[in-house]
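Here are my notes on this model. Please read them with the structure open.

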Amino acid sequence: MNIVRNDTEILNELNRIENRINLENNEEVNSIVKKILEDVKDEGDEALKKYTLQFDGFNPEPLNVSRKEIQKAWDTTKKPLKEALKNAKHRIEKFHEREIPKSFSIKGIYGEDVQRKWLPVQRAGLYVPGGRASYPSTVLMNAIPAKVAGVKEIIMVSPANAEGEINKTVLAAAHICGIENIFKVGGAQAIAALAFGTKEINRVDVISGPGNIFVTTAKKLIFGSTGIDSLAGPSEILIIADNSADSSHLASDLLAQAEHDPFASAILLTTSYSVAQDVSKKIYKELENHPRREICMRSIKNWGLIGVCDSIETCIKFSNKFAPEHLEIMTINPKQLVDKIENAGAIFLGKWTPEAVGDYIAGPNHTLPTSGNARFSGALGVETFMK
């Protein structure tokens with residue numbers, strides 16, 4: 001990874017990384033997605049089957065996953081993984097139960113009564129990606145706040161493999177969340193089905209869950225007729241570190257984000273040039289036998305950055321401007337810096353709090369604002385599924 005020591009150059013790089021995906025100006029993607037949305041709206045399930053065969057390489061007959069298949073996925077999951085899923089579910093539920101907004105009523109001096117009343121939406125659509133990897137954690141992080149909100153029906157869509165099968169652990173996660181309506185369809189066509197409804201898939205009130213640029217563009221185009229959680233771009237991490245930080249930890253956490261996607265961004269801002277050098281060396285060392293080496297290489301080459309700043313205050317200033325999805329603070333006293341952080345999707349404090357714990361088990365939601373959106377929004381939560 002390139003090491004940059006000039007403040008102006010660091011800021012220029014941060015601006016370039018923040019704008020790496022621009023949905024507004026991608027006319028080709030917009031055109032493709034608009035056609036898919038129109039076809040699904042007009043042709044329903046037939047369009048879904050056509051696009052699934054075209055993009056995913058199998059004929060989805062039937063479109064849905066049977067309840068027997070969902071139960072079997074859970075039954076055949078090994079005990080340690082079952083326990084991990086149940087533990088994560090418990091922690092995520094406990095956190096999100098604290099988010100339930102309270103209705104209130106105010107009595108006026110003339111006897112008038114004014115109220116604010118919260119209600120869940122009736123039906124929610126959950127999109128679970130299935131391209132480069134499997135994401136059972138996405139099922140938990142999206143289904144649980146909807147359940148806690150009181151949503152009666154959750155419809156899950158996810159692309160299947162060439163044999164028409166959805167990852168078994170994804171189905172196991174759906175099982176413990178009580179999701180019974182699951183469909184083997186992905187991409188913009190899945191978003192269209194949730195937004196407009198088809199003969200087999202009910203129209204939903206809110207759609208949540210991350211996806212590629214086609215999924216995100218579809219969510220953008222249907223917003224207004226259907227609610228959405230956010231327009232999530234490629235994942236990103238920014239780490240603020242001083243000379244007390246462990247370079248091996250820093251390298252591992254940067255790569256844990258870079259492996260997500262070729263457009264994922266991994267950024268280190270540090271006050272120590274020796275730490276910067278050591279992290280750069282360790283990253284390439286770890287990549288020698290990395291299972292997702294090619295994706296990581298493209299990510300760190302195009303969207304990675306190691307910036308050496310003159311002070312922790314400068315690191316914080318640059319971080320607040322970038323507004324990262326994930327922010328790790330790896331300093332001697334990280335808790336002392338929290339109040340200075342103005343913009344971040346989620347903050348991880350100290351060397352024993354890697355960003356990965358937030359992805360899976362800590363409890364707060366891992367669906368977070370990207371591309372600078374942490375300046376005005378936060379994590380997915382219970383209110384996403386309420387009105």
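Is Trp-303 buried or exposed? Trp-303 is buried, at a relative accessible area of 14%. Buried means under 20% relative accessible area, exposed over 50%, and partly exposed in between (1.4 Å probe, protein chains only).

1. Ground rules. This is a predicted model: local features need pLDDT of at least 70, side-chain atom pairs count only at pLDDT 80 or more, and totals for chains, interfaces and linings use all residues. Residues are numbered from 1 along each chain as its sequence is written, and side-chain values use heavy atoms, with hydrogens and water left out.

2. Aromatic pairs. Rings of Phe, Tyr and Trp (its six-membered ring) pair if their centres lie within 6.5 Å; planes under 30 degrees apart count as stacked, over 60 as edge-to-face, the rest as tilted. The count by this rule is two aromatic pairs. In Tyr-51 and Phe-55, the ring centres are 5.7 Å apart and the planes are at 5°, so this pair is stacked. Both residues lie in helix H3 (residues 45-56), four residues apart, about one turn of the helix. Helices (H or I, at least four residues) and strands (E, at least two) are DSSP runs, numbered from the N terminus. Tyr-51 is buried, at 5% relative accessible area. Phe-55 is partly exposed, at 43%.

3. The pair with Trp-303. Its partner is Phe-263: the ring centres are 6.1 Å apart and the planes are at 25°, so the pair is stacked. Phe-263 sits in the loop between helix H10 (247-258) and strand E10 (265-270), and Trp-303 in helix H12 (residues 293-303), so the pair ties together parts 40 residues apart in sequence. Phe-263 is partly exposed, at 35% relative accessibility.

4. Charges over rings. The test is NZ of Lys or CZ of Arg within 6 Å of the ring centre and within 35 degrees of the ring normal. Lys-50 lies over the face of Tyr-51, at 4.7 Å from the ring centre. Lys-41 lies over the face of Phe-196, at 5.1 Å.

5. Helix H6. Residues 136-149 form this helix of 14 residues. From first C-alpha to last, H6 reaches 20 Å, close to the 20 Å expected at 1.5 Å a residue (1.5 Å times one less than the number of residues). In H6, 13 of the 14 residues are buried, so the helix is largely enclosed by the rest of the structure. Just after H6, Gly-150 takes a positive phi of about 105°.

6. Strand E2. Phe-104 belongs to strand E2 (residues 104-107). Phe-104 is partly exposed, with a relative accessible area of 44%.
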